[in-house]
Amino acid sequence: MSFLSKNNIHLRAGHYRISDIATQVDRSITALCRWEKEGVIPKAKRDSRGWRVYTENQVEEIIQLIKKIKLK
């Protein structure tokens with residue numbers, strides 16, 4: 001099963017792009033990429049185009065990590 005992301009990209013159900021996460025947590029894609037590089041959030045798998053693709057579990061984990069960052 002697949003769905004369309006906000007940019008009409010076909011993704012498998014339960015997989016999200018970094019832009020989807022950035023929108024959910026009100027942070028920039030640049031910030032998320034930097035945090036991934038620094039090890040603050042888990043690294044994403046890459047699709048055949050090299051784009052980051054996150055699972056639902058990773059999205060939930062990232063949201064929780066960002067909430068902790070906001071509380072500090």
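**View 1. Three helices and five strands make up the protein chain.** The model is predicted. From the N terminus on, the elements run β-β-β-α-α-β-β-α. Of the 72 residues in the protein chain, 38% are buried. Among contacts with a separation of 6 or more, 35% link residues 24 or more positions apart.

View 2. The average pLDDT is 81. A score of at least 70 is reached by 79% of the residues. Over residues 1-10, pLDDT stays under 50. The model still has 27 contacts beyond four places in sequence for residues 1-10. Where pLDDT is low, predicted coordinates should not be read in detail.

**View 3. Strands S3, S5 and S4 form an open antiparallel sheet.** The order is S3-S5-S4. Strand S3 (15-16) and strand S4 (45-46) are the edge strands, each pairing on one side only. Two bridges pair S3 with strand S5 (residues 52-55) in the antiparallel sense. Tyr 16 has Tyr 54 of S5 as its bridge partner. His 15 stands opposite Thr 55, also in S5. S4 is likewise joined to S5 by two bridges, and these strands run antiparallel. Here Lys 45 has Val 53 of S5 as its bridge partner.

**View 4. S4 and S5 form a hairpin.** Five residues lie between the two strands. In the turn, Gly 50 has a positive phi of about 90°. Arg 49 lies over the face of Trp 51. The distance to the ring centre is 4.1 Å. Aromatic pairs are another matter: the structure holds zero.

**View 5. Arg 52 of strand S5 makes a side-chain polar contact with Glu 36.** The contact is 3.2 Å. Arg 52 also touches residues from several places in the sequence. Leaving out residues up to four places away in sequence, the list is Tyr 16, Arg 17, Ile 18, Cys 33, Glu 36, Ala 44, Lys 45 and Arg 46. One of these, Tyr 16, is the bridge partner of Tyr 54. Another, Lys 45, is the bridge partner of Val 53.

**View 6. Cys 33 of helix H2 is in contact with Arg 52.** Which other residue does Cys 33 contact, leaving aside its neighbours within four places in sequence? That residue is Ile 18. Cys 33 and Arg 52 are 19 residues apart in sequence. In space, their C-alpha atoms are 9.7 Å apart. Is Cys 33 buried or partly exposed? Cys 33 is partly exposed, because its relative accessible area is 22% and buried means under 20%.

**View 7. Helix H1 (residues 18-25) is largely enclosed by the rest of the structure.** Why is H1 described as largely enclosed? Six of its eight residues are buried, so the rest of the structure largely encloses the helix. The buried residues in H1 are Ile 18, Ser 19, Asp 20, Ile 21, Ala 22 and Val 25. Ile 18 is in contact with Cys 33 and is also touched by Arg 52. Asp 26 follows H1, and its phi is positive, near 55°.

Technical notes
Residues are numbered from 1 along each chain as its sequence is written. This is a predicted model: local features need pLDDT of at least 70, side-chain atom pairs count only at pLDDT 80 or more; totals for chains, interfaces and linings use all residues. Side-chain values use heavy atoms; hydrogens and water are left out. pLDDT is the predictor's confidence in each residue, from 0 to 100. Contact means heavy atoms within 4.5 Å. Two strands pair if DSSP finds at least two bridges between them. Helices (H or I, at least four residues) and strands (E, at least two) are DSSP runs, numbered from the N terminus. Rings of Phe, Tyr and Trp (its six-membered ring) pair if their centres lie within 6.5 Å; planes under 30 degrees apart count as stacked, over 60 as edge-to-face and the rest as tilted. A charge sits over a ring if NZ of Lys or CZ of Arg is within 6 Å of the ring centre and within 35 degrees of the ring normal. A polar contact is a pair of N or O atoms within 3.5 Å; within protein, one must be able to donate a hydrogen and the other to accept it, and residues adjacent in sequence count only if both atoms are side-chain atoms. Buried means under 20% relative accessible area, exposed over 50%, partly exposed in between (1.4 Å probe, protein chains only).
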